[in-house]
Amino acid sequence: MFTSQIPFEITQLTRLESLDLSKNSLILRNPTLDIMVRDLTVLKELFLSEVNISSPLPHGITNLSSLTSLFLDDCGLIGEFPTDIFYLPNLQFLSVNLNKNLTGYLPEFCQNNSLLKELSIAGTSFSGKLPDSIGTLNSLNQLHLHGNYFSGPLPTSLNNLTRLNVLELSTNNFTGQIPSLENLLELNYLSLSLNKFNEVDLPWLGKLSKLSQLYPYDVNLYGEIPSLLANLTQLTHIRLGSNHLSGWIPLWLTNLTRLTSISLGNNQLKGPIPSSFSQLENLEYINLHYNNLIGMVEANTFLGMKNLTVLQLLYNNLTFLTTNTTSMNATYPKLKYLGLSSFNLTEIPDFIRFQDELEVLFLERNEIRGQIPEWIWNKSEETMGTISLSYNFLTGFEHNPVVLPWAGLKVLDLRGYFPLLGGLSKLQILILQSNKFHGAIGNPTVNSGFSKLRIIDLSNNGFTGDLPLDYFKNWDAMKNFNVDWLSYMQVNITFQWQQWGWDDSYPYSITITNKGVRFVYEKILNILTAIDLSSNKFKGQIPESITTLKGLRLLNLSNNDLVGSIPSSFRNLMDLESLDLSRNKLTGEIPRSLLLLTFLAFFNVSFNGLSGPIPQGKQFNTFQNNSYEGNLGLCGDSLSKKCENMEAPLPPLTTEEGGDYEFPIGFDWVVICMGYGSGSIVGLIIGHRLFASCLKWFIDIFRRR
């Protein structure tokens with residue numbers, strides 16, 4: 001593999017007819033592509049895929065009249081594609097896939113294009129309608145238009161492309177009806193997925209007897225699984241998911257013995273899974289999730305498929321029969337994705353103990369009882385990324401691990417017994433609320449543990465001991481407000497299978513106390529950072545380390561046995577919106593430095609042993625009396641107990657208290673001021689905080705003039 005810049009001297013090879021520098025870590029800057037095609041005028045083949053070009057396509061390419069092959073996949077091309085390239089008289093292969101900033105459209109084709117065999121523009125930003133004249137490309141055997149912005153109806157002239165082997169039209173905005181493609185008898189790959197077609201009927205599909213891969217995923221198919229598919233005996237891949245299919249899984253489906261992948265998920269299929277499914281011994285990928293399937297399923301129906309990698313059966317009404325299959329362990333498939341959620345399981349299936357390559361494991365919403373077996377810690381240590389055992393009846397572990405073994409774990413959803421914390425450096429959200437966890441949390445065993453944690457909720461348990469101050473030191477994601485754009489927090493599971501892959505995204509949802517009210521967040525904005533340790537038995541003082549989490553927005557330590565004073569360093573939590581310290585044993589005064597928390601919309605210190613005056617002014621004038629009740633030593637204008645000698649105004653906050661809060665260096669004040677007035681979420685969140693300083697800066701500048 002070559003690296004670095006393509007040398008300028010290559011342009012001196014003026015008689016060069018074929019140049020292949022593809023799939024190397026090369027950069028084309030000097031010479032530019034424009035200079036190269038200007039000098040190499042007799043080129044017939046140009047292969048530069050994965051070379052870093054990062055420029056528009058030069059119009060000079062249209063002068064390469066001898067060019068037969070042009071491959072520029074994933075080159076960082078930008079700008080508009082010159083349509084005259086389509087008219088090069090000898091062009092047979094044109095591929096510019098995976099240049100997402102390359103725009104363009106398909107022109108009207110003519111007889112000059114009759115030599116074109118491959119047209120591949122997948123993963124670009126082409127748009128417009130497909131011209132009827134596309135049917136004149138009578139030599140075409142591959143048409144890849146996946147992942148663009150094409151719209152309008154598919155032209156009926158597609159049916160004239162009788163030499164087509166591959167027709168890839170997925171992930172566009174095509175509308176209307178899918179026209180008949182019954183003449184495409186050489187077709188072995190057809191993808192129509194993820195468009196905006198009307199209700200689809202494909203009566204011609206059974207005539208395409210050479211089809212090996214069929215992907216009508218999410219195309220508005222209704223009714224039962226079409227029986228005409230029984231004629232497609234060469235099928236290896238079929239994806240009919242996310243349609244409106246109903247009825248039973250037909251028995252004839254198991255006659256398609258060449259199948260290696262089948263996806264029927266997200267439909268309304270009912271009835272049992274045929275026991276004859278076990279005859280599909282070549283299956284590597286099975287997705288039947290989110291249907292209405294019922295009945296008993298023998299584990300051995302699937303465990304006999306030696307090549308099986310993905311098994312998604314979750315969220316049906318099935319019951320999984322996991323008879324003892326220990327004697328079969330030598331022939332078990334090596335699963336990477338196992339989904340058995342909502343499956344009426346009463347124990348973790350024993351065959352999982354023989355799986356060493358799992359990446360995703362979903363066992364939530366079953367009836368699994370008792371302890372998590374010790375053997376689970378030795379499984380899939382290098383590969384595991386997602387585990388969900390939530391909504392079961394787990395009581396603990398047979399043996400607590402010193403450190404959870406899965407270094408790459410992104411999602412751990414137990415909502416059961418509390419594991420030792422450590423080694424999970426990629427976790428963002430940990431929700432273990434309302435269980436029967438107990439005991440002290442202890443210290444982290446890995447310094448970097450939980451560095452990406454943004455939300456933790458351990459409320460309503462029985463934790464004891466001091467607050468976990470050493471963990472607070474490690475939660476780097478809560479220390480800074482550093483979000484480039486607003487989005488919802490989710491886990492993205494990227495799964496590769498054979499030559500293709502897919503991305504699943506699971507939005508995080510939580511139920512958490514915010515500003516004294518229990519809220520359900522179906523989706524969570526990425527600016528939310530929260531700690532809820534309420535309703536436990538934590539004792540000791542509030543550690544200073546918690547005040548280093550400067551990006552924190554919600555903090556709830558209520559209903560514990562905390563003592564000592566409220567740290568004045570809470571003034572550092574400038575993004576804090578909700579602070580609940582109620583029902584503890586705190587003493588001393590409420591620090592006046594909390595007046596600097598201008599975002600603070602909810603404040604509750606009721607039922608402690610606090611004394612002295614309530615801070616006056618700013619947001620503290622908006623808090624209700626019940627924020628302070630149960631503190632007999634507190635006084636203030638809003639309370640029945642007035643403070644003595646309050647006539648003299650209190651001095652301004654000192655620097656030590658955090659008084660001189662300056663305008664942040666490096667911010668563009670114009671943008672910040674505009675942000676406040678824009679009405680956007682960013683304006684409300686950022687602008688409100690900085691507007692006072694922005695206005696002060698503005699006044700000071702113009703006062704000097």
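Author: What follows is a set of questions and answers on this predicted model.

Reader: What does the secondary structure of the protein chain come to?
Author: Helices and strands were both counted along the protein chain. The helices number five. The strands come to 49.

Reader: What percentage of the residues count as buried?
Author: The protein chain has 705 residues. A residue is buried when its relative accessible area is under 20%. By that cut-off, the buried share is 52%.

Reader: What share of the contacts with a separation of 6 or more comes from residues 24 or more positions apart?
Author: Take the contacts in the protein chain with a separation of 6 or more. Residues 24 or more positions apart account for part of them, and that part is 55%.

Reader: Is C75 buried or exposed? And what about C110?
Author: C75 has a relative accessible area of 2%, so C75 is buried. For C110 the value is 31%.

Reader: Which residues have the most contacts inside the largest nonpolar core?
Author: The largest nonpolar core holds 124 residues. Elements that each supply at least two of its residues include β24 (292–298), α2 (300–303) and β31 (393–397). The largest share, three residues, comes from α1. The residues with the most contacts inside this core are I286 and F302.

Reader: What does I286 touch?
Author: Leave out residues up to four places away in sequence. I286 then touches I262, F277, F302, M305, L308, V310, L311, Q312 and L313.

Reader: How many residues does the second, separate core have?
Author: F437, L557, L579 and L586 are among its members. This second core is separate, and its residue count is 47.

Reader: Which residues form the covered face of β26?
Author: β26 pairs with β24 in the parallel sense, over five bridges. Within that pairing, I294 has N317 as its bridge partner. N317 belongs to the uncovered face, with T319 and L321. The covered face is L318 and F320.

Reader: Which are the edge strands of the open sheet of seven strands?
Author: The strand order is β34-β36-β42-β44-β46-β48-β49, with parallel pairing. Neighbouring strands are turned by 20° against each other on average, direction ignored. An edge strand pairs on one side only. Those strands are β34 (438–440) and β49 (633–635).

Reader: What is the bridge partner of G612 in β49?
Author: β48 covers residues 609–613. It pairs with β49 in the parallel sense over three bridges. In β49, G612 has as its partner L634.

Reader: Which residues does the cis peptide bond with omega of about 20° join?
Author: One of the two lies in the loop between β3 (25–27) and α1, namely P31. The cis bond joins N30 and P31.

Reader: What is phi of N220, and of N266?
Author: N220 sits in the loop between β17 (213–215) and β18 (222–224), and N266 in the loop between β21 (261–263) and β22 (268–271). N220 is partly exposed at 25% relative accessible area, and N266 is partly exposed at 35%. Neither is glycine, and phi is positive for each. The value is near 75° for N220 and near 60° for N266.

Reader: Is T529 buried or exposed?
Author: T529 is in the loop between β40 (517–521) and β41 (530–532). Beyond neighbours within four places in sequence, its contacts include R454, I455, A477 and M478. Its relative accessibility is 2%, so T529 counts as buried.

Key:
Residues are numbered from 1 along each chain as its sequence is written. This is a predicted model: local features need pLDDT of at least 70, side-chain atom pairs count only at pLDDT 80 or more; totals for chains, interfaces and linings use all residues. Side-chain values use heavy atoms; hydrogens and water are left out. Helices (H or I, at least four residues) and strands (E, at least two) are DSSP runs, numbered from the N terminus. Buried means under 20% relative accessible area, exposed over 50%, partly exposed in between (1.4 Å probe, protein chains only). Contact means heavy atoms within 4.5 Å. A nonpolar core is a set of buried Ala, Val, Leu, Ile, Met, Phe, Trp, Tyr and Cys residues joined through side-chain atoms within 4.5 Å. Two strands pair if DSSP finds at least two bridges between them. Axes are lines fitted to C-alpha atoms, for helices over the stretch in contact, and angles run from 0 to 180 degrees between N-to-C directions.
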